[in-house]
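Hello,

Here is the structure we discussed, with notes on what turned up in it. Please read the notes with the model open.

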Amino acid sequence: MAQTRLDRERIETLTAALDTAYGPAADSTRVEIVRAPGRVNLIGDHMDYNEGFMLPVAIELDTWIAFRRRQDGRVRVASRHSSETGSFWIDALDSAHDLDSAHDPADVERPSGSWSDYVAGTAWSLREAAIPIRGFDGVVDTTIPIGSGLSASAALELASALALLGGGHILAPPSLAALAQRAERDYVGVDCGIMDQLASAAGREGKALLLDCRSLETRHVTLPFGVQVVVCDTGERPQLRSSAYNRRRAECARAVALLAERMPGLCSLRDLSAASLRRYRAILPENVASRAEHVVTENERVLAAATALEASDLDELSRIFAESHASLRDLYEVSSPALDTMVEIALAIPGVVAARMTGSGFGGCTVNLVLADAVPALRAAVGRDYDRRTGLRGRVYPVAIVDGAGPIATD
């Protein structure tokens with residue numbers, strides 16, 4: 001990854017922060033830096049737990065960890081954005097769910113509710129997989145807006161894994177992503193899919209990642225020349241997002257259970273055809289049928305969007321994004337007035353090719369495909385109209401599509 005002037009300034013700032021947090025190195029231990037990008041999903045939200053398809057991109061908003069290796073198995077982490085720090089011993093890590101630990105309970109490191117749990121969870125996951133890791137003193141810096149739905153947690157997990165592994169690409173991206181997902185799911189306790197971690201690990205500059213959430217097979221898809229990905233943050237951070245997400249998962253599972261009574265062998269909505277849904281829709285409660293309809297049609301849209309991207313078919317992308325947003329709003333019921341308003345404002349700007357909500361919903365961000373020369377007009381419209389109409393402060397982030405997690409050269 002080529003350094004820019006801003007990269008060099010960030011390296012200098014983080015190196016100084018490391019000295020401030022832990023004191024200058026007493027020996028020749030050098031400072032190493034790793035990074036992991038956030039991600040935005042172009043299309044295919046809520047498809048991960050339905051074993052469907054998703055189309056994320058890794059974005060330049062990212063998380064860096066500057067660190068010095070330790071020899072004693074201790075990890076200490078500080079944040080440039082919080083006074084809260086974390087510290088743990090690798091050999092004392094344990095899952096709160098592991099009742100067979102050989103450690104005395106008083107010596108076991110447990111999740112604390114802090115951001116540093118994601119670092120500890122990653123160390124626990126790697127250790128459980130019998131992968132050699134080592135301690136470090138580190139400072140974390142992120143440009144990903146927290147709570148925006150751009151996957152700050154996955155970026156922290158991937159950067160932590162690289163620091164624990166010593167800064168290099170020791171594991172293939174799918175393996176690294178799976179271990180990071182296990183950290184979040186089994187240690188931190190967030191029941192997430194693998195898309196966030198895999199997009200952060202396997203992203204490629206200028207390309208989207210077509211992900212099959214069942215097989216974890218991926219294919220890189222080139223974005224059209226002259227089209228900029230723009231993230232618009234609604235500023236909405238509702239507390240009900242996680243509970244609504246869990247309800248949607250349960251509704252999809254109920255759809256599978258009910259349909260399997262008529263369709264033996266059905267294990268996932270991924271395998272449900274539109275024709276079969278029409279045939280058996282009457283046996284489903286209306287809200288459950290609506291969730292199933294969204295999954296069936298969204299899977300088709302993801303594959304169609306990948307084809308349209310490769311063909312630079314902007315009209316088709318506009319149609320697909322519009323249908324996806326309407327489906328998430330009306331069938332899956334995870335949009336919000338703020339998200340709908342942001343999409344409406346964007347689509348009124350000439351040069352905005354496509355716009356839709358992205359992520360789990362009830363706030364967070366929209367994703368937009370925008371002709372490069374229309375980005376200033378979109379930014380101005382959001383600043384002028386969105387804040388006035390919603391009472392929230394919207395932010396616009398034109399984002400470069402970047403490579404996945406890896407080391408930063410400090411020389």
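Which residues touch the most other members of the largest nonpolar core? They are Leu42, Leu55, Phe136, Val229, Leu269 and Leu369, in a core of 105 residues. A nonpolar core here is a set of buried Ala, Val, Leu, Ile, Met, Phe, Trp, Tyr and Cys residues joined through side-chain atoms within 4.5 Å; buried means under 20% relative accessible area, with a 1.4 Å probe and protein chains only. A second, separate core has 18 residues, including Ala338, Ala355, Leu378 and Ala381.

This is a predicted model, in which local features need pLDDT of at least 70 and side-chain atom pairs count only at pLDDT 80 or more, while totals for chains, interfaces and linings use all residues. Residues are numbered from 1 along each chain as its sequence is written, and side-chain values use heavy atoms, leaving out hydrogens and water.

Leu55 has contacts (heavy atoms within 4.5 Å) beyond its neighbours within four places in sequence; among them are Leu42, Ala208, Val221, Val302 and Leu309.

Asn299 sits in helix α8, residues 286-311 (helices are DSSP runs of H or I, at least four residues, numbered from the N terminus). Its relative accessible area is 7%, so Asn299 counts as buried. Setting aside neighbours within four places in sequence, Asn299 is in contact with Met47, Gly52, Phe53 and Arg270.

Helix α3 (residues 152-165) packs against helix α4 (residues 173-188), and Leu176, Ala180 and Glu184 are the α4 residues that make the contact. On the α3 side, the residues include Ser153, Glu157 and Leu165.

Regards

Key: Buried means under 20% relative accessible area, exposed over 50%, partly exposed in between (1.4 Å probe, protein chains only). Axes are lines fitted to C-alpha atoms, for helices over the stretch in contact, and angles run from 0 to 180 degrees between N-to-C directions. Helices (H or I, at least four residues) and strands (E, at least two) are DSSP runs, numbered from the N terminus.
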